[in-house]
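Have a look at the sequence and the structure below.

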Amino acid sequence: MLLPHLERGAQIDAAILRRAMETAFGASDTSGAWDWKAAYEACEVATVLFLRKYGKALFRKAASPAARLSVLAKIAGLLPTHTRRSEESQAFQQFSTPIPLGLVAAHAAAITPADRVLEPSAGTGLLAILAEIAGGSLVLNELADTRASLLTPLFPAIPVTRFDAAQIDDHLDAPAVPCVVLMTPPFSAMAHVAGRVQDAGFRHIVSALNRLAPGGRLVAITGANVGPDLPDWRDAFVRLQERGRVAFSAAIAGAVYAKHGTTFPTRLTIIDKLPADDPTLLPASPGMAPDAATLLGWIGAHVPAPPAGHASVNVRADLRHRATVRGYLTRAAKASPAPPPSADPEGIPLAYDIVDWTPAEGAHLTEAIYEEYGLQSIRIPGSQAHPTKLVQSAAMASVSPPKPSYRPMLPANITALLSDAQLETVIYAGEAHDDHLAGSWTVDETFDSVSAAPADAANAVRFRRGFMLGDGTGAGKGRQSAGIILDNWLQGRRKAVWISKSDKLIEDAQRDWSALGMERLLVTPLSRFPPGQADHAARRRPVYDLCHATLRRARARRFRASGKSSIGWAPTSTE
């Protein structure tokens, strides 16, 4: 019902849109049968249908990018402004890309019929249809149920996946390797994470870049506050340039998005998947584009061509002459062995000695509440003392800790990254996790009721021992937790759940993980499961992997009066 209006060049105002929705649903929006978000998405679907029907002919007639931009701006002008937001669109920042801006992004990507194009957050298909008109084959993903359901009939020949695009590289099948990525990730929203997530858009970019074929191009529209020219983001983009060089980045005035329900300034960034010659050199931004036409002109003037003669620059050109990226990768693998992927740190058993500890002759407890802390039952050659003073309770200082036998697998330089006290924690945590609690148990189908059972019972399970880290401020709990997880990582156990009080503490977890030489963005929010399904996913795991908390090593609180940090141990007990 809406498409004929666009075909006639007639305006679709609120009254026309309301009548179409009431006819389609047989009820008004006041009945709850539909809302205005659905109405606006219907307009976007009509735009996709219009472009599929007339897009190629219009683009043949308007040969230059500037002429095509003028045509799409007229079409966009026929559509109503999104003046009413739903809770869903507000929470998940579902602002579809305006088609004039989409054309600029598609032009920047220089899509050809030989390109496979990934759109990780495809929305209603406004970017995808422009890639289709250019001749590219599509890989579409959309997490939101309604939008994914709209994409399926709009692009019936393409299977639409429904993954969280922040981890798109983890989810897509191995052969789905694009040579172009067009994306408009949420500006500061993460799936199933409450509140604003400052680096949401950057996470989407990193995962899509990981999936992109070498020599490919990624074009992303993000919030204006995520850019290589901004001090807060410079370090992140410098690290990113070790894999993909930033070719262009410019902010865009909020007016460009105004018809789609927000005036939030945005940014277009172009990244070629080639290591930068000097990662610390980032392109200067030409400024803030007031409109799509200005941005288009800047791209023509500032986006460089790949440097001639670079061995991997020709990869993308080769892709254009092959039927699929998969075919290119197969041929390339036969022609020369692929370089090894970025290697994890090599793990070696941590060397330490067991000692018999007794209080030094003449030593006695002071009258203070806390005593100075030092390793008692173990010695770690080459380790360094903790950078700040540590204390422990008088009771703990009087008793020798148990003698462990577990040998963590850690990088050879770990003694330069963790102190002796922190490494002691990693050892004792591994000692606990490597063993089981006494007894055998049965668990009901809810995984909530546990009953003692004979060891030879057919359905009997055992539970691993847990470990509690109760250090005070200054002992480096994050570094110690990262060390424990790194030990598991190098032992081959690659998944861990790090639970924090607030999603804002993700920055601290990433900092502590990367401090041990690991990729910062491997620590991501637990957002791939919809609410209510995370428990279901956990229950599919073997019962013996369930951890019941045990107190292997209890630590005293910080001794605030002295400004020292508390540390200590306690015998095993069940919490």
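## Strands and cores

Strand β1 (residues 116-119) and strand β2 run parallel and pair over four bridges; two strands count as paired when DSSP finds at least two bridges between them. This is a predicted model, where local features need pLDDT of at least 70, side-chain atom pairs count only at pLDDT 80 or more, and totals for chains, interfaces and linings use all residues. Residues are numbered from 1 along each chain as its sequence is written, and side-chain values use heavy atoms, leaving out hydrogens and water.

On its other pairing, β2 is joined to strand β3 (residues 160-161) by two bridges, again in parallel. Helices (H or I, at least four residues) and strands (E, at least two) are DSSP runs, numbered from the N terminus. Here are two bridge partners:

| Residue in β2 | Bridge partner |
|---|---|
| Leu138 | Val117 |

How many residues of β2 (residues 137-141) are buried? Four of its five are, buried meaning under 20% relative accessible area with a 1.4 Å probe, protein chains only.

Now for the inside. The largest nonpolar core holds 71 residues, and Leu17 is one of those with the most contacts inside it. Such a core is a set of buried Ala, Val, Leu, Ile, Met, Phe, Trp, Tyr and Cys residues joined through side-chain atoms within 4.5 Å. Helix α3 (residues 36-61) gives this core its largest share, ten residues. A second, separate core has 31 residues, including Leu350 and Tyr428.

Notes. Buried < 20%, exposed > 50% of the residue type's maximum accessible area, 1.4 Å probe, protein only.
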